[in-house]
Amino acid sequence: MLDVSKDAVDEALSSEGPIAKALPHFSPRDSQQQMANAVQQAIRHAQVLLVEAGTGTGKTFAYLVPALLSGQRVVISTGTKTLQDQLFKRDLPLVRDALATPVKMALLKGRANYLCLHRLEQVQGAGFLHSKQAVSDLQTVREWAATTQEGDIAELGAVAESADVWPQVTSTKDNCLGQECAYFKDCHVMKARRRAQESDIVVVNHHLFFADIALRDEGVAELLPEADAVIFDEAHQLSDVAMNFFGDSISSRQLFELAQDVNIAHFKEAKDMSKLLQQTDAVQLALKNMRLAFGKMMRREAWHTVGNSLELQAAISDLKKTLSLLQGTLEVVAERGKTLEQCYRRCVELSATFNALTGSSPADQIHWFETFQRAFVIRHTPMDVSEQFQAMMQAKQAAWVLTSATLAVGQQFTHFAAPLGLNHAKELLLDSPFDFEKQALLYVPRALPDPSASDYTEALIHAALPVLEASKGRAFLLFTSHRALKLAAELLEGKTEYPLLVQGTQPRATLLTAFRAHGNAILLGTSSFWEGVDVRGEALSCVIIDKLPFASPGDPLIEARIASMKKQGKNAFMEYQLPSAVITLKQGVGRLIRDIDDRGVLMLCDPRLIARPYGKLFLNSLPSMPRTRELAKVQDFFKETATT
Amino acid sequence: MPPRIDFYLLAEQSEQPVEHFVCRLVEKAYHANHRICVYTDSAKHAELLDETLWTFRPDAFLPHHLCGEGPTPPPPIHITYDNAPCAHQDVLINLTSQIPSFFNTFRRVIEIVPAEDERRAQAREHYKAYRQQGLTPQTIDLAAREREAQS
C-alpha cells in the first residue's frame, strides 16, 4: 500500500503545485486543503467522513487528489449521469495528468446504457417495431453496432435518448441471459464491468450504485469487495435514492416488455406455438385495462386510496389470470430455446412480484403507486434504510466519504446522517470561501400574502418585475410547483423586455445554453434547476425563489414518513419537513454565487421567512449576507455592480 | 382590566436611532412570550421599523409582519399604522404623536418618548390624557438610568 502523506496532498493543491500549473486560474484555498487532508486521513484509516463543502471550496479536486495519490482502489459515485460524464471526461483526466499518477480509470453506467448484442440480433427481422421511425432508428443502431468499441448508447447522438428502439436493444436484469448468452464474450455490459474491475478509479452514479446493490445485479456489487474507498458526491440525495432501490416494485412496462420478448422468442424458437401470441395479447390487454382502472389522471398516491376499488380489483385478478395462462404455456415450451426458458423464469418472478405488490401492505414499508400516460408502477418503499445502508458499509473495511455542498442544517449533520444510520462519522463543515457579505444581498419583498393565497403568484410577479428591471434580466426564477411556474410564465409574457426561457418549452440543456448565450435572459424553472446548475459570471445575477421549498405533504412518501414519525411521538415538521426544506433552499441559493467575482441578489419571496420562528433556521443555514426588505437597496446594489 | 401604561423616556443624543431601541424592546418582550403591536405614524415609518427589525443585528430574529402582508395566522410581532386593526391585544408600543383610539383593548401600552423637546411636551399631554381616564402611567427614565450607570 502506497502511503500518501499530508505533505503530498498539500503540495498538490498549493499555489506552486501541479494542479496550479495545469490550471491557469487555480488559486489555493484553505478549505480545499482542509477537505483534501480529511479525505486523505479517511482513506488511510478507513474512516467514515461527512463533508459539507460550501460552493467554491473546490470539493471535486479535494477528493480526487487524495484518491489518486493514495494508489488505492476507489469508487466514486455522482448524483447524475451528466455529472458522471463530466467527472470522468474533464476533472479526472486533468488531475491524473497533473499529478502524473499512472492510475487506470473506468466509467461504469447502468446496463440500460449499453447495447445488448443478443437483443439486437433477436429484434432484427422479428418485425415487432411498428413505427417508421423505429425501423430507421434500428438501422442506425445496427450500423453503429458494427463499429462501436464500448457500446455506450450515449455515443449514438443520432438516435434520441427516449427513442422506442433503445429498450429493444438494451438489456435489463430480467431479460439478460447471462453466461448462457451466445454473445457473452463480446457483451458490452460485461466488458464495461471488466474494465471497472481492472481499474483503480471507477466512476459510477447513485442510481446505478443502489440498483446494483439492491438487485444483486453485478457491477457495483462486485466492485465493492475490492474497493478501499467509496466517495459519494452530491451525497444529500443518498437517502432518497437508497429508499427507492431498497424497496420492491412492479411496473406495467416490465410486464409489457415480457410480453414483447415472448413474442420475439416465439418467432425465433417456437414458431408453431401461436397460442403464445394470443396469451401475450391477453396480458397486454389486461395491462391496458388495469392502467384505465386507476382513472385517467396521472396519480402518485398511497395504495390504500385505490386498494379497495372494485374496478381495480377486477383488473388485477384478470391480469393475474392472463399471466398464469402465459406461465403455463411457457413452462411447456421453455426447453425449446434459451430465450423462451429465460422468459419462463421471468414470468414466474414477475408474477410473484405482482402478487406481492397488489396484496396487503407490509407494516414497515410505504405501499404506493404512480400512474403515467400509459403506464403504472406499484411500489413498496422501506420507511427506514439505515440498516441496509449500514449492512452495505460494514460488509467491507473501507473508507466512506460522503460530501455535498448541502448536508448540514443549522450547522448540524443529524438530518442527513440519522436516516443512513451514520452515527459515529467524522464531520467536517467548510464554509464557502466566497465573501457573501460583499458579494450578495438577501431581499425579502413586502406586501406578499399568505403563500397559499390564490393571488400569491400574481403578487410575487408584481414584486419581481422591478427587481428584474434592476438586474437587467440575468435571473433565475425558481418555483416550488409546476402550476406556479406556468402561471408566472403567463404573467411575465410581454411585461419584460428580456428574453424569457421557460422550463418545459425546450430541453433543460438547451435552455441553459440559451441562458448563457443571451447574457440577459430570465429563466423560469422548477426542481430540476434547483440543483447542479452552474452559471458563472454576470449572466446569472439574481435568483428569485417563490416559496420556501417544503415538500408536498400530499406526496405518499412524505405523508407516510410524517405519519410514522407522529406515531413515534416525534415532531415531523421540526425533525423532517423543515430540515428537508432547508437543504433544498440551500441548493437553490447555491446557484447564485459561483465564483470569487460573482455578485448577486437573492430574492426569497416567502413572507414566512420573516414571520415564522423557523425563519431563523433557514437564515442560519445560509451563508451570512446582508439583508433588506427595501427595493431601493436592491436597485443600489445593481447600480454598484454597473460601476465597479 | 384597564391597560398598564409605561412611558419610556429615551436618553439624549443617542448614537442609535429610536428604532433600534424599539427593536431591543420588542426583542425582550418577544422572548418573554408576549405578542407585540408596534403602532407607527405612517406607511413609511412602518417600513423603516420593519427594515430595522429585519436587519438590526445579524444574529437576531424577530418573527414579524407589516399590516396587510404575510401568512395567516399572523406572527407575534405586528407593525401597523393609520388605525389599521391589530391581530392581537397584548402589548402595544406607540410611536405616534397621538394616543391610538384602541389603546384600552391592550393589556399593556408602552409610549416611547424621544429626547426632543417637542416629543417630551407631547408625552406630557399623553400622560395627562391617560390620567384623565383614571389610569396611572409609570415612567421609566432611561436617561436617568444611563446617568446612574455612568456615575
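Some ground rules. This is a predicted model, where local features need pLDDT of at least 70, side-chain atom pairs count only at pLDDT 80 or more, and totals for chains, interfaces and linings use all residues. Residues are numbered from 1 along each chain as its sequence is written, chains are lettered from A and ligands numbered from 1 in the order in which they are written, and side-chain values use heavy atoms, with hydrogens and water left out.

Start with strand 10 of chain A, residues 399–404. Helices (H or I, at least four residues) and strands (E, at least two) are DSSP runs, numbered from the N terminus. How many of the six residues in strand 10 are buried? Six of the six. Buried means under 20% relative accessible area, exposed over 50%, and partly exposed in between, with a 1.4 Å probe and protein chains only.

In a regular strand, side chains alternate between the two faces of the sheet. On strand 10 of chain A, both faces are covered. One side has A:Ala399, A:Val401 and A:Thr403. The other has A:Trp400, A:Leu402 and A:Ser404.

Now its partners. Two strands pair if DSSP finds at least two bridges between them. Strand 1 of chain A, residues 48–53, pairs with strand 10 in the parallel sense, over five bridges. There, A:Glu52 stands opposite A:Ser404. Strand 5 of chain A, residues 229–232, also runs parallel to strand 10, with four bridges. A:Ala229 has A:Ala399 as its bridge partner.

Next, backbone. A:Gln411 is not a glycine, yet its phi is positive, about 70 degrees. A:Gln411 sits in the loop between strand 10 and helix 18 (414–417) of chain A. A:Arg474 also has a positive phi, near 55 degrees. Its loop joins helix 20 (456–470) and strand 13 (475–478) of chain A. Is A:Arg474 buried or exposed? Buried, at 12% relative accessible area.

Over to chain B. B:Thr72 and B:Pro73 are joined by a cis peptide bond, with omega about -10 degrees. B:Pro73 lies in the loop between strand 3 (64–66) and strand 4 (77–81) of chain B.

Last, B:Glu12. This residue is in the loop between strand 1 (4–9) and helix 1 (18–31) of chain B. B:Glu12 is exposed, at 60% relative accessible area. Which residues form the negative surface patch with B:Glu12? B:Glu116, B:Asp117 and B:Glu118. Like charges are joined within 9 Å, and nonpolar side chains (Val, Leu, Ile, Met, Phe, Trp, Tyr) within 5 Å.

Conventions
Patches are made of residues with over 30% relative accessible area and no salt bridge: like charges are joined within 9 Å, nonpolar side chains (Val, Leu, Ile, Met, Phe, Trp, Tyr) within 5 Å. Accessible areas come from the Shrake-Rupley method with a 1.4 Å probe; for residues, only the protein chains shown count as cover. A salt bridge is a side-chain nitrogen of Lys or Arg within 4 Å of a carboxyl oxygen of Asp or Glu. Lys and Arg count as positive and Asp and Glu as negative; His and the chain ends are not counted. The place of a charge is taken as NZ of Lys, CZ of Arg, CG of Asp or CD of Glu.
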